Amino acid sequence: MLDYVTSYLKSSTTPGQAGDVLWSLIYILAIFAGLSVAVIAMNWLERKILAHMQVRLGPMRVGPHGLLQPIADAIKLLIKEDIAPTEADKWVFWMAPLLVVITAFTVFIVVPFGPTHAVTDMNIGVLFMLGVSSLSVLGVVMAGWASNSHYPLMGALRSSAQMVSYEIAMGLAVISAVLMTSLGSEDSGTLSMIGIVQAQASQETWFVFKFFPLGLIAFFIFAVAMVAETNRAPFDLPEAESELTAGFHTEYSGFRWSLFFLAEYSAMIAVSSIAVTLWLGGWLRPFSHWLSGDPWETVFSLFPGLSFLVLAAIAVFSTMRMPKHPYFKIQKIGLGVFASVLLLIGVVLFLPPVRDRVQDIFWFVAKVAAFMYLYIWYRGTFPRYRFDQLMKVGWKILLPMGIGVLILTAVSGIYF
Amino acid sequence: MSHGTSHLELQDHEKTFLDSNELIINMGPQHPATHGVLRVILKLDGEKVLGTECVIGYLHRGVEKIAEHRTYTMFNPYVDRMDYVAAVSNGLGYCESVEKLLNIQAPPRANYIRVILTELNRLASHMLWLGTHALDIGAITPLFYTFRDREEILKIFEKYCGARLTTHAFRIGGCLYETYDGFESDVTRFLKFVAPKIEEYEELLTTNRIWVERTKNVGFISAADCVALGVTGPVLRASGVKWDLRKAQPYAAYSEFDFEIPIGTTGDTYDRYLVRMQEMRQSLRIIEQAVGRIPSGPIMAKVPKVIKPPAGEIYHSIEAPKGELGYFIVSDGSTQPYRIRVRPPSFVNLQALDQMVRGALVADVIAVIGTLDIVLGEVDR
């Protein structure tokens, strides 16, 4: 058994490639659990960050600083009555959220958290991600259609039109990044998610800086298109609550609704991880070529532990600032325990064997987290586009830009 | 859907895209963006609006009828419940109308206090409009900023008369309450506090590309149409008509202050936004001038114990935050009005909705309802 584990730890390929079923399953479970935790954390963070941007406190009652609010909400959603409209097409109504959530989770089998930290490495990785994630449109249309009501139908139509149009701009941006993988000295082009990051390592630059500003423009196109693709503000027309109450999921409630919610957030994480992989060097740490050498390696390997220590420090600070009233005693203890858990994780992350192993995952997750923050920031800042304006941005601005960048990338690839 | 004799059904069928069927959907009365209980029936061709019909009356409380069974003094608090976000203006209009009927004048000090409170209320009303309008267009943050700052105004109201929203601040013949100690300094502090906040709102929205795209050339209405429909207030001024009752027919102490009437040029939603933002600044100017020179003296005119106006009728109107707020009072010489008819700006402005959104998209309906700045309490009364 021990041999099995150690032999895996030394391997240099993903479990899927090695044909290792057990480790693949462990990875799948770990990613599923990690995603669920991430969605819960994201729920809390979004409400807190948005609240602080809007001069309010956000959830404060359930648990210290509302930390248990997402769990309370999840329980509430689970025990709610399961309502399906009488006029609804029951079978399709039932299938729609499942389809959306399954596609949202399936894409994660090719997301590389590190050179070996992925369920598998497909040679068509990017294509697989884009293809599977765009299947979620089907679920959205099904939800809108099956509800048999005007508002969801309009929401679904808007949503499908939007997702389909932005996929084109998104695809063009992805192609220009894929094109860049073939430009290294020993590289040939690849669609594999791991291969793309390795190409960035061997070309000693993240693709966002490649052929400045071409990489940056392609990245920008993707960054805009991915917000539209996930139906988030300022492109959240399908669920524009001021117009269509809740868009395609108006008729959904309880657990079915929470599946849509889960799918939306995991889709956000999925597209962010594509962006990170394609342009921001995936699991590579910042300045890996500029600040290279052993001392720098050691410095950067301290970051995972340090970040948890910072979080723990914030938690400790908040614990000390809790009101002195005995009413808050349990919350204070809870927050203290939370702080010490964070501290413990931080300390564990300093241990050399752990430290080396989690480096890749840490940098990948940190980059994705930055995108998640951007999503929240957008939501707090921007008004919403109108449907025709959204289409205009997609077809008349992003698409020509994408084609232009693609051509220019190809030309620069030949001449430089 | 059954909606009786809707004019939407009686119309000739317009040509739709691809000859598809038109869709009739019901927006409201429970809808997050109809500012209360407005129900709009929309006839749509896809996303394009072919026609609208407003169904009102969900908040009808029969305020005008109630007036016939109350004395003039007793009816005063009821007017606060019409436009509940601009209760002070409602009260001012009513009190001045009855004063005109009685042929008495509020003393200068009372008039100054009235001007200050009314302008504060105009600010509060415009802040609420801005927050909800931005929220309808999808910007959720300004709402919280404007509510934070509106709170300061409500605090001043609370300190002055004990109520925050339905203030009942004025009485026929003047004011009941003397200004509290530190009223002037509170107001001055508020002016200093709020001026940069208005800049902050503008920073968030005025040059925001999405905001401009969503509001420019949306809900256009020409000056002639405004006049024909009787539309008043910022909506009228944004179409380029310089008509503000504070200047045109000065009441209270408005003739003594120096302020401008901001007007727009094109009459679209963006212009209405700019006009209201400028109006907030002008209100600050008026308050600043007023608070510096509140005259001393009585705050109540000589009003008979029992208010019994001579038989006759009177129409008096003031510039409420949303437009011309008029009271037509018929007196039969008794202690109770024979009939009161209120001319609410929201009700009249709402009629422009259909014209403003025809040919636009669904999202524009929301933007236009927001920009008309209606309060259903006032529409339905």
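Reader: Which residues is Ala225(A) in contact with, leaving aside its neighbours within four places in sequence?
Author: Tyr166(A), Ala169(A), Met170(A), Ala173(A) and Leu398(A). Keep in mind that this is a predicted model.

Reader: OK. And the largest nonpolar core, how many residues has it?
Author: The count is 222 residues. Ala225(A) is among those with the most contacts inside this core, along with Ala173(A), Ile221(A), Phe222(A) and Ile116(B).

Reader: Which helix gives the most to this core?
Author: Helix H5 of chain B, residues 108–137. H5(B) supplies 16 residues.

Reader: Let's go chain by chain. What does the secondary structure of chain A come to?
Author: Chain A has 17 helices and zero strands.

Reader: What radius of gyration does chain A have?
Author: It is 22 Å. A compact globule of 416 residues would come out near 22 Å, so chain A agrees with that expectation.

Reader: How far does the C-alpha trace of chain A span along its principal axes?
Author: About 60 × 60 × 45 Å. As for burial, 45% of the 416 residues in chain A are buried.

Reader: And the contacts in chain A with a separation of 6 or more: what percentage comes from residues 24 or more positions apart?
Author: For chain A that share is 77%.

Reader: Now chain B. How many helices and strands?
Author: Chain B has 16 helices and eight strands.

Reader: What is the radius of gyration of chain B, against that of a compact globule?
Author: Chain B has 21 Å. With 381 residues, a compact globule would be near 21 Å, so the two values agree. The C-alpha trace of chain B spans about 70 × 50 × 35 Å along its principal axes.

Reader: What percentage of chain B counts as buried?
Author: Of its 381 residues, 51%. On contacts in chain B between residues at least 6 apart in sequence, 70% join residues at least 24 apart.

Reader: Back to the domains. Which ones does the assignment of chain B give?
Author: Domain 1 covers 7–55 and domain 2 covers 63–380. Their C-alpha centres lie 31 Å apart.

Reader: How many residues does the contact take from each domain of chain B?
Author: From domain 1 of chain B, 15 residues; from domain 2 of chain B, 17 residues. On the domain 1 side, E2 and E3 of chain B are the elements that give two or more residues. E3(B) has the largest share of that side, with five residues.

Reader: What order do E1, E2 and E3 of chain B have in their sheet?
Author: The order is E1-E2-E3, in an open sheet of three strands with antiparallel pairing. Strand E1 (23–27) and strand E3 (48–55) of chain B are the edge strands, each pairing on one side only. The twist averages 20 degrees from one strand to the next.

Reader: How many bridges join E1(B) to strand E2 of chain B?
Author: Five, and the two strands run antiparallel. Met27(B), for one, has Val40(B) in E2(B) as its bridge partner.

Reader: Which strands make up the open sheet with E7 of chain B?
Author: E6, E7 and E8 of chain B, in the order E6-E7-E8, with antiparallel pairing.

Reader: Why is one side of E6 and E8 of chain B left without a neighbour in the sheet?
Author: Because strand E6 (312–320) and strand E8 (337–343) of chain B stand at the edges, each with a single partner strand. Neighbouring strands of this sheet are turned by 15 degrees on average, direction ignored.

Reader: Which helix packs on the sheet?
Author: Helix H4 of chain B, residues 87–102. H4(B) touches E6 and E7 of chain B, and its direction makes about 150 degrees with that of E6(B).

Reader: How many bridges join E6(B) to strand E7 of chain B?
Author: Nine. In E7(B), Phe328(B) is the bridge partner of Tyr315(B).

Reader: What is Phe328(B) in contact with, leaving aside its neighbours within four places in sequence?
Author: Glu313(B), Tyr315(B), Arg341(B) and Arg343(B). Phe328(B) is partly exposed, with 16 other C-beta atoms within 10 Å.

Notes. Residues are numbered from 1 along each chain as its sequence is written. Chains are lettered from A and ligands numbered from 1 in the order in which they are written. This is a predicted model: local features need pLDDT of at least 70, side-chain atom pairs count only at pLDDT 80 or more; totals for chains, interfaces and linings use all residues. A nonpolar core is a set of buried Ala, Val, Leu, Ile, Met, Phe, Trp, Tyr and Cys residues joined through C-beta atoms within 7 Å. A residue is buried if 20 or more other C-beta atoms lie within 10 Å of its own, exposed if 12 or fewer, and partly exposed in between; C-beta atoms are placed from the backbone. Helices (H or I, at least four residues) and strands (E, at least two) are DSSP runs, numbered from the N terminus. Two residues are in contact if their C-beta atoms, placed from the backbone, lie within 7 Å. The radius of gyration is taken over C-alpha atoms; the globule rule is 2.2 Å times the number of residues to the power 0.38. Two strands pair if DSSP finds at least two bridges between them. Axes are lines fitted to C-alpha atoms, for helices over the stretch in contact, and angles run from 0 to 180 degrees between N-to-C directions. Domain bounds come from an automatic or database domain assignment.
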